[in-house]
Amino acid sequence: HSVWARAHFDRSSLGPEPLAIYTRDNREQIMIFLNGKELFRNFASPEDRVQGWYRPYLVPIPLGALRPGMNEIMMRVDGSYDLSIGQIIIGDQEVLQRQYSWQFFWRIEGVQAANYAMLILSAASFLLWLSRRREYELLFLAISGALWFVRDYHYFALQLGQFNRALFSDISLYALYFAAAASNSFTALFVRIPRAWIVIAAMFGF
């Protein structure tokens, strides 16, 4: 499926070069055209299954690419599952670079670092449980971290390879229920609530 967006702007309303286009929240394959010429795309071939919706993009405008008076930005977004066009901003490249860097850190780099750190701690919890088998809270802590990683992976994944997009989305969505159950199971065992195993079975059964 495809959706197009067209935006017009007056060159005189912008400041001096260098200028850039900033966009985010687009699902999934993005193509940006400036005055009819392709300026940017986030994929190499139509078969690429990119995850573009959570990732911001900064596209510098080549010097001299704008003409006096009215100019046109066109964006085409393709997707085999979800489809949407997000925010489009044009302006001073230095200003937009700061906004892009801030967004990229909090949306991609920070999320990625936190989740991989959580995965490492989950592995450490599992190894600790292997030597202390009676402390099942360690096992649920490890399971919880692994499931939250599965839940969060779609936020910073860039390529899905040959993985089915609909299945990937469903796994991301429904992992939330099992991750929450695992986290609450850890809590139930750690604070030693009465009939903890019955509560745990009920949570996972639900």
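Begin with the sheet: select β1, β6, β3 and β4, 4 strands that form an open antiparallel sheet in the order β1-β6-β3-β4. Strands are DSSP runs of E with at least two residues, helices are runs of H or I with at least four, and both are numbered from the N terminus. Two strands count as paired if DSSP finds at least two bridges between them. At the edges stand β1 (2-10) and β4 (37-41); each has a single partner strand, so one side of each is left without a neighbour in the sheet. From one strand to the next, the twist averages 20°, with axes fitted as lines to C-alpha atoms and angles between N-to-C directions running from 0 to 180 degrees.

The model is predicted: local features need pLDDT of at least 70 and side-chain atom pairs pLDDT 80 or more, whereas totals for chains, interfaces and linings use all residues. Residues are numbered from 1 along each chain as its sequence is written, and side-chain values use heavy atoms, without hydrogens and water.

Next, select β3 (residues 29-34) together with β4; 4 bridges join these antiparallel strands. Met31 stands opposite Arg41, and Leu34 stands opposite Lys37. Between the two strands of this hairpin lie 2 residues, and Asn35 takes a positive phi near 50°.

Now move to helix α3 (residues 165-190), which supplies 5 residues, the largest share, to a nonpolar patch. Which residues make this patch of about 570 Å²? Select Leu173, Tyr174, Leu176, Tyr177, Phe178 and Phe204. Patch residues have over 30% relative accessible area and no salt bridge; like charges are joined within 9 Å, and nonpolar side chains (Val, Leu, Ile, Met, Phe, Trp, Tyr) within 5 Å. A salt bridge is a side-chain nitrogen of Lys or Arg within 4 Å of a carboxyl oxygen of Asp or Glu. Accessible areas follow the Shrake-Rupley method with a 1.4 Å probe, and for residues only the protein chains shown count as cover.

Within α3, centre on Phe178. This residue is partly exposed, with a relative accessible area of 44%; buried means under 20%, exposed over 50%, and partly exposed in between.

Finally, display the whole chain, which comprises 4 helices and 7 strands. Its radius of gyration, taken over C-alpha atoms, is 23 Å, well over the 17 Å that the globule rule (2.2 Å times the number of residues to the power 0.38) gives for 206 residues, so the chain is more spread out than a compact globule. The C-alpha trace spans about 75 × 35 × 25 Å along its principal axes.

Terms used
Buried means under 20% relative accessible area, exposed over 50%, partly exposed in between (1.4 Å probe, protein chains only).
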